[in-house]
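Please read each numbered point with the sequence and the model in view.

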Amino acid sequence: MQPAASYRAGQQGSVEVVLSCKGDWHCNEKYPMKFTCDAPVGGVSYPQPVVRRDAMSISAQRATARIPFVASAAGPARVSGKLSFSVCTETQCVMETRPLTAIVSVQ
């Protein structure tokens with residue numbers, strides 16, 4: 001998860017989730033990738049609690065998704081959820097779900 005440079009309390013911001021493939025691995029462009037946000041805690045809410053494949057940018061070597069959130073107060077805020085994805089080689093495909101977290105600074 002990659003946070004942006006700055007966020008403001010009460011305004012929608014987003015973090016970027018990036019899946020980069022290395023070597024012989026590539027993103028499975030047919031798999032229904034998604035990012036499911038964790039339950040809102042600590043004054044962070046998610047206007048789109050599930051970001052699905054159709055809202056992602058997916059190529060053979062990289063998949064990216066913007067995860068929108070709103071923090072209600074200034075200070076550190078936790079943005080978290082789970083990325084469900086699949087990566088493949090010519091002989092094997094792996095499906096996984098990984099928990100991801102970013103701590104962002106809200107002004």
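1. Helices (H or I, at least four residues) and strands (E, at least two) are DSSP runs, numbered from the N terminus. By this rule the protein chain has 0 helices and 10 strands, and along the sequence these follow the pattern β-β-β-β-β-β-β-β-β-β.

2. On the source: this is a predicted model, in which local features need pLDDT of at least 70 and side-chain atom pairs count only at pLDDT 80 or more, while totals for chains, interfaces and linings use all residues. Residues are numbered from 1 along each chain as its sequence is written, and side-chain values use heavy atoms, with hydrogens and water left out.

3. Overall dimensions and surface. The C-alpha trace of the protein chain spans about 50 × 25 × 20 Å along its principal axes. Of the 107 residues in the protein chain, 36% are buried (buried means under 20% relative accessible area, exposed over 50%, partly exposed in between, with a 1.4 Å probe and protein chains only).

4. Contacts along the chain. A contact means heavy atoms within 4.5 Å. When contacts between residues at least 6 apart in sequence are considered, 66% of them join residues at least 24 apart.

5. Strand β8. Two strands pair if DSSP finds at least two bridges between them. Strand β2 (residues 12-20) is joined to β8 by 9 bridges, and the two run antiparallel; Leu19 stands opposite Ala63 in β8. Strand β5 (residues 44-45) also runs antiparallel to β8, with 2 bridges, and Ser45 has Val70 as its bridge partner in β8.

6. The link from β7 to β8. Strand β7 (residues 57-58) is joined to β8 by 2 bridges in an antiparallel arrangement. Here the bridge partner of Ile58 in β8 is Ala63. A hairpin of 3 residues connects β7 to β8.

7. Glu16. This residue belongs to strand β2. Is Glu16 buried or exposed? Glu16 counts as buried because its relative accessibility is 18%. Leaving out residues up to four places away in sequence, Glu16 touches Met1, Gln2, Thr64, Ala65 and Arg66.

8. Ser86. Strand β9 (residues 75-88) contains Ser86, which is buried with a relative accessible area of 1%. A polar atom of the Ser86 side chain lies 3.1 Å from the backbone oxygen of Val94. Beyond its neighbours within four places in sequence, Ser86 is in contact with residues including His26, Tyr31, Met33, Cys93 and Val94.

9. Val87. This residue is also placed in strand β9. Val87 is buried, with a relative accessible area of 12%. Its contacts, not counting residues up to four places away in sequence, include Leu19, Cys21, Trp25 and Gln92. Val87 and Ala63 are 24 residues apart in sequence, and their C-alpha atoms are 10 Å apart in space. As background to the two preceding residues, in a regular strand the side chains alternate between the two faces of the sheet.

Conventions
Polar contact = N/O pair within 3.5 Å; in protein donor to acceptor, adjacent residues only side chain to side chain.
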